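Here is a short report on one protein structure. Look at the sequence and the 3D view first, then read on.

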Amino acid sequence: MSLMTMIVKMSEGLSKTCAIFFLTLLFSLPLGMIVALLRMSKVRIVSAVTRFVITVLRGTPLMLQLLAVTYGPYYLFGSNVARNKLIPVVIAFSINYAAYFAEIYRGGIESIPIGQYEAAEVLGYSKFQTFMRIILPQVIKRIMPSVTNEVVTLVKDTSMAFTVSYQEMFTIGKQIANSQTSFMPFVVAGAFYYIFNVIVDYLMGRIEKRLDYYR
Amino acid sequence: MKKLLTLALALCLVFALAGTASAASDRTDFIMGIDPEYPPFSYLGDDGEYTGFDVEICQAVCDLLGWKLEIFGVNWDEKLVQLDSMECDCVWSGMTILDSMKEAGYQISEPYYDNTQVLVVKADSGFASSADLAGKDVAVQLGTSGEALLNDDLADLAATFNNVITCDSFLKCFTELEGNAVDAVFVDLPVAASYVSSHDGLAVIDENLGAEQYGIAFRAADAELRDQVDAAVQELVKNGTYAEIAAKEEYVDIVNNLLFLNK
């Protein structure tokens with residue numbers, strides 16, 4: 001098999017890799033905010049439960065969570081395994097990444113001095129307005145580098161979808177490597193991930209610069 | 001000074017060469033590369049130790065040659081890379097001999113097992129031949145001979161399927177089948193037979209697809225090691241140890257396909 005056919009074959013799987021990437025971001029970024037707010041809730045039980053859930057999600061391998069979401073329902077209730085693996089894969093990835101994003105958001109929110117809340121109150125802002133108009137814009141600016149970190153990791157983590165037989169780019173690379181007894185597909189996969197991440201890095205850099213309006 | 005340096009370098013080289021040469025003949029241990037999830041050839045036994053037909057034969061070979069056996073679980077779809085990087089001395093685990101391995105220079109033992117691929121379906125599905133599976137989803141384990149066959153000799157058959165799904169273990173293939181995510185699993189006959197016998201509601205389609213043979217793979221430079229192991233296995237066949245191991249109850253599904261016993 002020529003290098004070119006290899007690249008063409010693997011780029012067919014790239015659309016599935018992209019599907020995991022974009023759908024995971026779409027769901028995990030907002031979900032993370034909800035989790036962060038629950039984690040900071042003044043109601044003890046809510047924050048304790050959220051904290052426990054976060055430790056589970058961050059404390060167990062993503063690969064295990066993928067297996068649990070995909071095959072868990074079958075083993076527990078005998079229900080069908082999803083034919084379209086994109087659904088369990090995106091669910092597992094979104095939940096896992098939401099846990100990480102939640103902690104990043106929390107760090108950002110807690111870094112805003114309490115004086116700003118007091119000043120906003122004096123100026124007659126409601127709690128919701130304070131959060132949306134004063135706190136959140138500053139938080140987003142501060143957490144961008146950490147979020148970029150996670151997004152870059154996500155690109156590489158998509159390769160884990162092979163454990164549940166989702167035929168994304170890396171799975172196809174492995175198939176070619178097997179049938180051709182060649183190491184080349186892994187080199188191609190590495191190049192694909194690297195280029196993907198260079199683009200992500202560039203775009204995130206652009207967004208960061210856009211948000212840099214006070215400096 | 002220069003001469004001294006040359007001499008020193010030459011001496012180093014001699015020692016280095018002598019070192020490798022003596023390592024080959026005075027071998028004290030032997031690292032067997034296995035797929036730890038491939039019963040009945042190699043798997044984690046109830047006592048937590050690796051066992052299986054290949055493991056037992058290898059142990060007997062090592063006992064015969066006075067080697068200490070060490071078992072290394074390879075990542076099956078990267079087994080040859082791991083062999084080349086010295087992580088193990090051989091790959092011996094129900095491994096199908098492929099032409100591509102010989103072309104790549106690997107030293108392959110005498111074939112010892114005649115393998116046949118079959119399709120496993122749900123017993124109530126009504127599928128009776130490979131033709132019935134046209135337009136259906138079929139799962140196969142990544143890196144197995146079944147997957148290679150579907151890409152190569154049986155590509156025409158594979159083209160009639162809707163999708164060929166590759167899983168990274170055969171257990172996942174069967175879970176997909178039992179969970180109705182695929183309609184059939186393409187797998188080695190002995191694996192199919194042992195799984196179907198222990199799980200209800202599954203059936204093997206009575207159609208032999210692609211007959212293949214199992215062998216042991218060694219590195220390209222290890223022709224001598226291969227000959228040693230081949231000879232030791234023949235010795236075991238002659239003194240009856242081989243048949244004794246094969247007669248164990250857990251190997252009942254594979255005993256009829258062992259080439260050395262059915263010559």
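The C-alpha centres of domain 1 of chain B and domain 2 of chain B lie 25 Å apart in this predicted model. The domain assignment gives domain 1 as 27-113 + 214-257 and domain 2 as 115-211 of chain B. Such bounds come from an automatic or database domain assignment. The contact takes 12 residues from domain 1 of chain B and 10 residues from domain 2 of chain B. Here, two residues are in contact if their C-beta atoms, placed from the backbone, lie within 7 Å.

A note on the model and its labels. Because the model is predicted, local features need pLDDT of at least 70 and side-chain atom pairs count only at pLDDT 80 or more, while totals for chains, interfaces and linings use all residues. Residues are numbered from 1 along each chain as its sequence is written, and chains are lettered from A and ligands numbered from 1 in the order in which they are written.

Now the two chains. In the contact between them, 18 residues of chain A meet 21 residues of chain B. On the chain A side, helix 3 (62-77) and helix 7 (169-180) are the elements that give two or more residues. Helix 7 of chain A gives the most, with six residues. Helices (H or I, at least four residues) and strands (E, at least two) are DSSP runs, numbered from the N terminus.

The table sorts the residues of two contact sides.

| Chain A, touching chain B | seven residues | nine residues | two residues |

Ala, Val, Leu, Ile, Met, Phe, Trp, Tyr, Cys and Pro count as nonpolar, Asp, Glu, Lys and Arg as charged, and the others, Gly among them, as polar.

Next, a sheet in chain B. Three strands form an open, antiparallel sheet in the order 2-3-4. Strand 2 (37-38) and strand 4 (50-51) of chain B are the edge strands, and each pairs on one side only. Two strands pair if DSSP finds at least two bridges between them. Two bridges join strand 3 (residues 42-44) of chain B to strand 4 of chain B. L44(B) stands opposite Y50(B) in strand 4 of chain B.

Y50(B) also touches I71(B): leaving aside neighbours within four places in sequence, I71(B) is in contact with M32(B), I34(B), Y50(B) and V55(B). I71(B) is found in strand 5 (residues 68-73) of chain B. Is I71(B) buried or exposed? I71(B) is buried, because 20 other C-beta atoms lie within 10 Å. A residue is buried if 20 or more other C-beta atoms, placed from the backbone, lie within 10 Å of its own, exposed if 12 or fewer, and partly exposed in between.
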